Amino acid sequence: MELEFRHLRIVCAIADAGSVTRASTQLGLSQPALTHQLQRIEGLLGGRLFVRDRQGAHPTALGEFVLSRGRALLSAVDNLVGDGLPEPPRRPATPLVRFGTTASPACTAVLEAVQEHLPDALVTMRTEAKPRRMLEALGPRRRLDLALLGEYPPLPLARPDGVEVATITEVPVFVMLSSAHPLAERDEIDLADLAREKWILRPEREQRCAENLRLACAGAGFEPHVAHWLEPEANLDAIHRGHGITIARPGRADTDKIAVRPLRGSPMVYRDLLAWPRDGVVAAFAAELVTVAARATWQKMTGVAEHAAWLTGRQRVTGWA
């Protein structure tokens, strides 16, 4: 098999879509078929073009080289064909808006706002657990067009050049514990009273949550004991049975298993952010997206009456609302 222009188009489609799965949909191929094609192309070129993980497909050094040369060739061929036809066929291009998000209560509202402004665009949304990676993806290589993410104020994220980052709101971090825990009877909890507790945190590579917890607990005079690395949403029974406590956002209602309580003095704060390239496709209406995100976040946080009463006078919404 020899390398053909259609092979270069496949490589470019995977890079633009950010994953083999999304590229297969856009190309009208099954995922196994596209994966097989990619493997044959990589065999021709003598190395891997993409590294694939849970977040998608990312070009290797060889992949970047092939993409830069391939895009130039395809552009030249497309221009040649177009110049050679008296009336070149026109195919309407569907704009693609790639939206990355952490687990945020505002993601659906932001998605719908983008679709309202760009009704002809294909807006794709995917969860990304690493905020730093999302900000980098908004940079020069442009693998994302919009990102909803967050940071802890003591551990701020670096702002890449050319990327606008707006604060939506600063959320006081609450604590989730068993409904049978003695502290669940309190309206708010002192962080120092949790010194002997076991903590459950999400398994994340950047460890920002764990580091922020250590900083806050150091201010309360103790070192937290992180006993388990689990996804709390899938392990509520472990919390209910007293195997650990975890952090939570306001707006999560109590159940017969868990209770969510504020921490006195808000020793931990999470800052919700919305970010986009300054010259990107959403830049013209980004201010409205920040407003939408701020309202959706506030609505979710005040969905529990007790949390709404506690937040009144304490919460600072800093978005452009």
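Which residues does Leu 67 touch, not counting residues up to four places away in sequence? In this predicted model, the residues that Leu 67 touches under that condition are Val 11, Cys 12, Ala 15 and Pro 59. Leu 67 itself is placed in helix 4, which spans residues 61–84, and with a relative accessible area of 6% it is buried, because the cut-off for that class is under 20%. A further relation across the sequence is that between Leu 67 and Leu 8, which are 59 residues apart along the chain and whose C-alpha atoms are separated by 7.8 Å.

In soluble globular proteins, nonpolar side chains tend to be buried together. In the present model, the largest nonpolar core comprises 24 residues, of which Val 114, Leu 146, Leu 148, Leu 274, Trp 276 and Leu 289 touch the most other members. At least two residues of this core are supplied by each of strand 3 (96–101), helix 5 (107–117), strand 5 (146–151), strand 6 (163–172), strand 12 (269–277) and helix 9 (286–301). The element that gives the most to this core is helix 9, with six residues. For Val 114, once its neighbours within four places in sequence are left aside, the contacts are with Val 97, Val 123, Leu 146, Phe 285 and Leu 289.

Aromatic pairing was examined in a search of the whole structure, which finds two aromatic pairs. One of these is formed by Tyr 152 and Tyr 270 in an edge-to-face arrangement, at 5.3 Å centre to centre and with 70 degrees between the planes. Because Tyr 152 lies in the loop between strand 5 and strand 6 while Tyr 270 lies in strand 12, this pair ties together parts that are 118 residues apart in sequence. Both partners are assigned to the buried class, Tyr 152 with a relative accessible area of 8% and Tyr 270 with a relative accessible area of 15%.

Phe 174 and Trp 310 likewise form an edge-to-face aromatic pair, for which the distance is 5.3 Å centre to centre and the angle between the planes is 85 degrees. Distant parts of the chain are linked by this pair, since Phe 174 belongs to strand 7 (residues 174–178) and Trp 310 to helix 10 (residues 305–311), 136 residues apart. Phe 174 is buried, with a relative accessible area of 0%, and Trp 310, at 10% relative accessibility, also counts as buried.

Most residues other than glycine have a negative phi, and most peptide bonds are trans. Arg 142, by contrast, has a positive phi near 50 degrees although it is a residue other than glycine, and its place is in the loop between helix 6 (131–137) and strand 5. At 24% relative accessibility, Arg 142 counts as partly exposed. A positive phi near 50 degrees is likewise found at Ser 266, again a residue other than glycine, which is placed in the loop between strand 11 (258–261) and strand 12. Ser 266 is partly exposed, with a relative accessible area of 22%.

Terms used: Residues are numbered from 1 along each chain as its sequence is written. This is a predicted model: local features need pLDDT of at least 70, side-chain atom pairs count only at pLDDT 80 or more; totals for chains, interfaces and linings use all residues. Side-chain values use heavy atoms; hydrogens and water are left out. Helices (H or I, at least four residues) and strands (E, at least two) are DSSP runs, numbered from the N terminus. Buried means under 20% relative accessible area, exposed over 50%, partly exposed in between (1.4 Å probe, protein chains only). Contact means heavy atoms within 4.5 Å. A nonpolar core is a set of buried Ala, Val, Leu, Ile, Met, Phe, Trp, Tyr and Cys residues joined through side-chain atoms within 4.5 Å. Rings of Phe, Tyr and Trp (its six-membered ring) pair if their centres lie within 6.5 Å; planes under 30 degrees apart count as stacked, over 60 as edge-to-face and the rest as tilted.
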